[in-house]
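Subject: Structure for your review

Hello,

Here is the structure for you to look at. Please open it alongside this message; my notes come after it.

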Amino acid sequence: MPMRLPSILAGLACLALCAAAPAAARALPELNLQNVPLTDVVDFLRDASGANITVNWKALAQSGVEKQTPISLRLRAVSLGKMLQLILEQAGNGQLAYEVDEGVIEITTRAEADGKMITRVYPVEDLLLEIPDFAGPSFGLNSSGGSGNNNRNNGNNRNNGNNNSNRSRGGNGGSGGSGGGIDVMDPGLSKADRAEALLNLIRDTIQPDIWRENGGTASIRYYNGNLIVTAPRSVQRKLGG
């Protein structure tokens, strides 16, 4: 997909965002857990990484995850963010998540995290520029200039016919799978069409159930060269914010 949205689908950006805890940006040398209570695991990660980690134990308890939930995991030279992901997946069967806010890592439930909406603005004007279709000059290597130019012109006509046929079918084969079958980078699209295709691409690929159009609560719209996104931090992180 010829998309240049920064960090789209890039999860676990915790380490890059924890500027207040530089130790969290390093890989921990080793983690060897055998039925260790979750509360002790969190204490170990906090001490070993130097990161500010807090846990919403009340929210976890409502999802059936207790402080004594056992964790068994063995890792080596893995980032703190990846360790947290694997630990929370084991403890909560996909119900837990962590969020980063001003250098503090909060462990909570996914439902609690997704309920906290923030608004960010992303400039996307460069993605939506209409690219002129310039016709290049035709050069013939034949001294007579006859058959060589004719063959080249015939080839160009055939290529143009194929390109027009592909465009009328909605894009170039495989790259137009998202955004309602429209290739965002298709030079034949207007800026409005590009913007709508970009919105659809994001809704289709980043937590589809979270968007208002799909029954969720998050919203995204295009205005004056920018995407205005009101969504949880997990979504913003995947968009690069």
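Predicted model: local features only at pLDDT ≥ 70, side-chain atom pairs only at ≥ 80, totals over all residues.

Helix α4 covers residues 80–92, which makes 13 residues. From its first C-alpha to its last it reaches 18 Å, close to the 18 Å expected at 1.5 Å a residue. The buried residues in α4 are Leu 80, Gly 81, Met 83, Leu 84, Ile 87, Leu 88, Ala 91 and Gly 92. Viewed down the helix axis, these buried residues fall within an arc of 155 degrees, so they line one face of α4. Just after the helix comes Asn 93, with a positive phi of about 50 degrees.

The sheet is open and has three strands, in the order β2-β5-β4, with mixed pairing. The edges are taken by β2 (52–55) and β4 (96–101); each has a single partner strand, so one side of each is left without a neighbour in the sheet. On average, and with direction ignored, neighbouring strands are turned by 25 degrees against each other.

Strands β4 and β5 (residues 104–109) run antiparallel and are joined by six bridges. Within this pair, Tyr 98 stands opposite Ile 107 in β5.

Regards

How values were computed:
Residues numbered from 1 in each chain as written. Heavy atoms only, no water. Helix = DSSP H or I, 4+ residues; strand = E, 2+ residues; numbered from the N terminus. Expected span 1.5 Å × (residues − 1). Buried < 20%, exposed > 50% of the residue type's maximum accessible area, 1.4 Å probe, protein only. Arc of directions from axis to C-beta. Pairing = 2+ DSSP bridges. Axes fitted to C-alpha atoms, helices over the stretch in contact; angles between N-to-C directions.
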